[in-house]
Amino acid sequence: MKLSKSVWQTYKEVPAEAQIPSHQLMMRAGLIHKLGSGLYTYMPFAYRTVRKIEQVVREEMDKVGGQEILMNVVTPGELWQESGRWEKMGSLMLKFLDKADRDLCISPTNEEAVADVFRSSVKSYKQLPVNLYQINTKFRDEIRPRFGLMRAREFTMKDAYTFHMDYECLDREYEKIYQAYENIFTRLGLKFSVVEADAGAMGSKESKTHEFQVTAETGEDIIIFSDEAGYAANVEKADTKRVNLEFDKIGGELKDVDTPNMGTIEDVCNFLKKPEHHSIKSLVYSAITGEDEEIVLIQLLGDDELNELKLKNFLGCEEVVPTPENKLAKLGLPKGFIGAVDLPQPMRVIFDQAIDLDAFYVTGGMKPDLHKENFCPNKHVKEKDVVDLRLARKGDLTPDGKHVVDEKKGIEVGHIFQLGDKYTKAMDVKILDQNGKSMHPLMGCYGIGVTRVMAAAIEQNHDENGIIWPKEMAPYDLYFALIGKSDEIKETADGIYEELKAAGFDVLFDDRKAGPGFKFKDSDLLGLPIRVVLGERDFKEKGELEIVIRRTNEKLFVKKEELISKLKELYAQY
């Protein structure tokens, strides 16, 4: 491609709304054009990268028996009403009526649509397993789209769905696609971690669920891991243990302590000269399912944080939210001084399992400016639940208690679920088993955010000058710049350009009428793996061209006749 003929514009200024490197660099490098809030047009160079990612995905999905289909972006509301998700998806789903007043939506995901395809096409266990996938547009009506392609409203996604007779078959196909995902992200040149994740609303608590996370400092997700133990989990899923703690086992009688204007654990423990894990943090949450609401009291060690997802899963409700202060007041619960003793009304009390129930702690006194010392859970609270509720963190121990975990940030680019029969039962999807009886097949669901992968690659691979593309997804292999004005050097450049293409290189030829500084800045910003420079002076004096490796900024000079062989050698090593 000759740049003089291309639609490409770069920018010096960083857009005001761009907060993370991928958004900033994609805008500055002219890869995307903002059409509206969370809506972007992929310009020619970006779309080349999207197609390269898609091709790798297709090749690896086809290897594990995937059959590509293309489902509608607009789907009938009746399918979502069958599954019960028409209301549950909430405001993320864009809904509308057609001219016949039929409910329609822009698909944020396609479990319902593929289940409808399956029940119309597959009738017998003999046809299983089935693996269908598509690469298509999705739309989620994010309230606050941000970070460019990382959280856009419209995006490209590969979603796959498998159907099975039993869990043995589901496990087997799940492992195949797990491996396919590892192959995809390895081929794309990304550093990534596979972590245990929570199935959330997609599957049951027992379902296998994994996330594929590209490691990057700007990632929104926290990965808890131990390389030594081979353990990695999303922070919401991680079930780590606290390092062995010394608790107060002597205690004494429960007594009141005045703590004026001390509404935080830190203030109270400093005042009483106690470590924070010798105190109990009391949190009041509302567990909501439909119109039903239950108020629960959560008890954590003073220096721990609540994992809301663990609480939601334990309670089996639709959502959990901190009970607002005005409702606390109506319940007689003084914010900052709440404890599990002398509750004004009965409520469910849930202790985190990290708490030693026989030890003694400082807790809220149920009156403003008052705490209690020597609170013992087993002594002072008769009815209670004990469950893992704390948020894992760096310095904890792995579940077996043998290794210390660390943490790093990641960007979720892939997620795989075992759905079980959740959707096939809800939509009454049936096949005949070996005995001729109807049964609901099991499902698996497997997604990759194609356009998010492109943004994540930039988050992981950039410097102060611009993008550094992994070669497998770079828009072009080489950036070939001509520095010179004579007809002779232009003719030589055209010849080299044709030779490079004939040798199999995808070449971006910068033949624009611009100076070397301008061209080199654009080259670094775009970040193709290798830059080749034909400078008129160097070529006339020495017969050499300059090669620059983008990732290392290494420079070397080669004769024209050695150019192709040297580039093949360097590109293979990149």
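In which sense do strand S27 and strand S29 pair, and over how many bridges? Strand S27 (residues 478-483) and strand S29 (residues 530-535) pair in the parallel sense, over six bridges. This is a predicted model, in which local features need pLDDT of at least 70, side-chain atom pairs count only at pLDDT 80 or more, and totals for chains, interfaces and linings use all residues. Residues are numbered from 1 along each chain as its sequence is written, and side-chain values use heavy atoms, with hydrogens and water left out.

**Sheet**
- Five strands form an open sheet of mixed pairing in the order S28-S27-S29-S30-S31 (strands are DSSP runs of E, at least two residues, and helices runs of H or I, at least four, numbered from the N terminus; two strands pair if DSSP finds at least two bridges between them).
- Strand S28 (507-510) and strand S31 (555-559) are the edge strands, each pairing on one side only.
- On average, neighbouring strands of this sheet are turned by 25° against each other, direction ignored.
- Alanine 481 stands opposite valine 533 in S29.
- Helix H14 (residues 516-526) packs on the sheet and touches S27, S28 and S29 (contact means heavy atoms within 4.5 Å).
- The direction of H14 makes about 175° with that of S27 (axes are lines fitted to C-alpha atoms, for helices over the stretch in contact, and angles run from 0 to 180 degrees between N-to-C directions).

**Helices H1 and H12**
- The axes of helix H1 (residues 21-28) and helix H12 (residues 450-460) come within 8 Å and cross at roughly 105°.
- H1 and H12 are therefore roughly perpendicular to each other (65 to 115 degrees).
- From H1, Pro21, Ser22, His23, Leu25 and Met26 meet Met454, Ala455, Ile458 and Glu459 of H12.

Notes: Parallel < 35°, antiparallel > 145°, perpendicular 65-115°, else oblique.
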